[in-house]
Amino acid sequence: MTTPVQTESTESTEAKAPSTIVLTDIAAQKVKALIEQEGRDDLRLRVAVQPGGCSGLRYQLFFDERSLDGDVVNDFDGVEVVVDRMSAPYLAGAKIDFADRIDAQGFTIDNPNAQNSCACGDSFH
């Protein structure tokens with residue numbers, strides 16, 4: 001009887017693994033404020049993975065009004081985060097946060113898919 005219980009527990013843990021990107025509340029507030037500064041209501045935060053950087057791939061975060069075929073869209077308290085279909089597998093479960101401290105300021109990405117990353121945190125492999 002112990003084995004089925006362990007199997008069920010493992011399956012439920014795997015089923016809860018995040019399959020999309022996560023935007024923290026602090027990051028969502030910052031994105032919302034930046035969009036308001038732009039004076040537009042059609043912008044969304046696009047997160048993409050592009051070849052480059054010292055580790056092979058690098059992150060891109062920018063405001064975008066476009067909708068591309070296959071985009072994965074998530075809403076965080078009124079802030080839409082868009083990931084293109086090619087970048088989505090690299091960003092599944094990644095968490096975007098915003099740091100506003102004396103030693104660090106800006107958006108950060110904690111990506112469980114990154115095997116290696118560079119010291120600056122902008123690129124990964």
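Which residue in E5 is the bridge partner of Leu45? I looked this up before anything else. The partner of Leu45 is Val81. I note here that the model is predicted.

**Entry 1: overall layout**

I counted the elements next. The chain has 3 helices and 8 strands. I read their order from the N terminus as α-β-α-β-β-β-β-α-β-β-β. The chain holds 125 residues, and 32% of them count as buried. I also looked at contacts between residues at least 6 apart in sequence. Of these, 54% join residues at least 24 apart.

**Entry 2: around E5**

I went back to strand E5, which covers residues 79–83. E5 is mostly covered, with 4 of its 5 residues buried. I checked its pairing with strand E2, residues 44–51. E2 and E5 run parallel and share 3 bridges. The Leu45 and Val81 pair belongs here, with Val81 on the E5 side.

Then I turned to strand E4, residues 72–76. E4 and E5 are antiparallel, joined by 5 bridges. Across from Val73 I found Val82 of E5. E4 and E5 form a hairpin with 2 residues between the strands. In that hairpin Asp77 has a positive phi near 50°.

**Entry 3: the nonpolar core**

How many residues does the largest nonpolar core have? I get 21 residues. Those with the most contacts inside the core are Ile21, Leu23, Leu45, Val47, Val81, Leu91 and Ile96. At least two core residues come from each of helix H2 (25–38), E2, E3, E5 and strand E6 (95–100). H2 gives the most, with 4 residues.

I listed the contacts of Leu45, leaving out residues up to four places away in sequence. Leu45 touches Leu23, Val31, Leu61, Phe62, Phe63, Glu80, Val81 and Val82.

Strand E3 spans residues 57–64, and Leu57 lies in it. I also placed Asp64 in E3.

Is Leu57 buried or exposed? Its relative accessible area is 18%, so Leu57 counts as buried, the limit being under 20%. I then compared sequence and space for Leu57 and Ala114. They are 57 residues apart in sequence, and their C-alpha atoms are 9.5 Å apart.

Asp64 has a relative accessibility of 5% and is also buried. Which side chain makes a polar contact of 2.6 Å with that of Asp64? The side chain of Arg46 does. Setting aside neighbours within four places in sequence, I find Asp64 in contact with Asp42, Leu43, Arg44 and Arg46.

**Entry 4: the sheet with E6**

I moved on to an open sheet of 3 strands. Their order is E1-E6-E7, and the pairing is mixed. Strand E1 (22–23) and strand E7 (105–110) are at the edges. Each has a single partner strand, so one side of each lacks a neighbour in the sheet.

I checked both pairings. E1 and E6 are parallel, with 2 bridges. Val22 is opposite Lys95 of E6. E6 and E7 are antiparallel, with 6 bridges. Asp97 has Thr108 of E7 as its bridge partner. Asp100 sits opposite Gln105 of E7. A hairpin of 4 residues connects E6 to E7.

Which helix packs on this sheet? H2 does, touching E1, E6 and E7. The direction of H2 makes about 75° with that of E6.

Phe98 is buried, at 11% relative accessible area. Phe107 is partly exposed, at 31% relative accessibility.

Note on methods
Residues numbered from 1 in each chain as written. Predicted model: local features only at pLDDT ≥ 70, side-chain atom pairs only at ≥ 80, totals over all residues. Heavy atoms only, no water. Buried < 20%, exposed > 50% of the residue type's maximum accessible area, 1.4 Å probe, protein only. Polar contact = N/O pair within 3.5 Å; in protein donor to acceptor, adjacent residues only side chain to side chain. Contact = heavy atoms within 4.5 Å. Pairing = 2+ DSSP bridges. Core = buried A, V, L, I, M, F, W, Y, C linked by side-chain atoms within 4.5 Å. Axes fitted to C-alpha atoms, helices over the stretch in contact; angles between N-to-C directions.
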